[in-house]
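Here's a quick briefing for anyone opening this structure for the first time. Have a look at the sequence and the model, then read on.

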Amino acid sequence: MDQLDAIDLKILREMQGNCRLTMKELAMKVNLSTTPVFERLKRLEKEGYISRYAAQLNAERLNMGFVVFCNVKLQCMNSMSANMFTEKMKAISEVAECYNVSGRFDYLLKIYASSMKHYRDFVLNTLGMIENIASIESSFVMAQIKADSGLPI
């Protein structure tokens with residue numbers, strides 16, 4: 001981050017808030033002309049500060065608003081079982097996020113489902129079919145208080 005100046009950080013903040021800004025709009029927000037903003041943005045992309053652009057979808061409107069945080073403990077935690085588990089998680093559409101965590105559990109999953117029934121079927125027929133899982137603990141989201149996916153830069 002020592003290569004970034006104040007303008008780079010401002011560009012990143014603006015893009016993080018709205019990646020659909022035109023070059024002209026972005027240039028106005030950071031008080032530069034479009035050419036240097038374009039060059040800086042391309043450099044930030046090339047150097048990996050911006051990893052991708054994405055639209056944030058409305059889970060409720062798409063009937064996937066039942067959100068569950070699921071803690072998973074594996075029976076055996078070693079390189080082979082961890083790799084097997086993570087590869088399976090990458091292939092499951094309901095699993096939006098998967099983290100290897102410390103503490104009582106090995107993994108934390110963020111799962112989107114359409115209903116409690118959908119989640120129950122998911123636990124029984126998808127997670128329940130993975131051999132190395134020792135236990136699962138689910139926490140159901142009752143209300144979303146803050147959902148800022150941006151980094152505090």
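How do the residues of the lining of the largest pocket divide into nonpolar, polar and charged? They come out as 24 nonpolar, 11 polar and 8 charged. Here, Ala, Val, Leu, Ile, Met, Phe, Trp, Tyr, Cys and Pro count as nonpolar, Asp, Glu, Lys and Arg as charged, and the others, Gly among them, as polar.

Keep in mind that this is a predicted model, where local features need pLDDT of at least 70 and side-chain atom pairs count only at pLDDT 80 or more, while totals for chains, interfaces and linings use all residues. Residues are numbered from 1 along each chain as its sequence is written, and side-chain values use heavy atoms, leaving out hydrogens and water.

**The largest pocket**

- The largest pocket has a volume of about 1,700 Å³.
- Of the 43 residues lining this pocket, the closest to its centre are Arg 52, Ala 54, Gln 56, Ser 149 and Gly 150.
- Helix 1 (6-17), strand 1 (66-74), strand 2 and strand 3 are the elements that give two or more residues to the lining, and helix 1 provides the largest share, 5 residues.
- A pocket is an open set of points on a 1 Å grid over the protein atoms alone, where a 1.4 Å probe fits, with protein on both sides within 12 Å along at least five of seven lines; lining residues have an atom within 4 Å of a point.
- Grid points are joined across faces, edges and corners, and the volume is the space filled by probe spheres set on the points.
- Helices (H or I, at least four residues) and strands (E, at least two) are DSSP runs, numbered from the N terminus.

**The hairpin**

- Strand 2 (residues 95-100) pairs with strand 3 (residues 107-113) in the antiparallel sense, over 5 bridges; pairing takes at least two bridges found by DSSP.
- Val 95 has Ile 111 in strand 3 as its bridge partner.
- The hairpin has 6 residues between its strands, and Gly 103 takes a positive phi near 110° there.
- Asp 106 also lies in the loop between strand 2 and strand 3, and at 8% relative accessibility it counts as buried (buried is under 20% relative accessible area, exposed over 50%, partly exposed in between, with a 1.4 Å probe and protein chains only).
- Leaving out residues up to four places away in sequence, Asp 106 touches Val 72, Lys 73, Leu 74, Met 77, Tyr 99, Asn 100 and Val 101; contact means heavy atoms within 4.5 Å.

**Cysteines and Ser 81**

- The structure holds 0 disulfides, a disulfide being a pair of cysteine sulfur atoms within 2.5 Å.
- For Cys 76, the nearest cysteine sulfur is that of Cys 98, 17 Å away.
- Cys 76 is partly exposed at 36% relative accessible area, and Cys 19 is partly exposed too, at 28%.
- Ser 81 sits in helix 4 (residues 79-91) and is buried, at 9% relative accessibility.
- Beyond its neighbours within four places in sequence, Ser 81 is in contact with Leu 74, Cys 76 and Asn 132.

**Loops worth a look**

- Most residues other than glycine have a negative phi.
- Asn 31, not a glycine, has a positive phi of about 60°; this residue is in the loop between helix 2 (23-30) and helix 3 (34-46) and is exposed at 64%.
- Asn 63 also has a positive phi, near 55°, and is found in the loop between helix 3 and strand 1.
- Ala 55 lies in the loop between helix 3 and strand 1 and is exposed, at 66%.
- Ala 55 and Val 101 are 46 residues apart in sequence and 27 Å apart in space, C-alpha to C-alpha.
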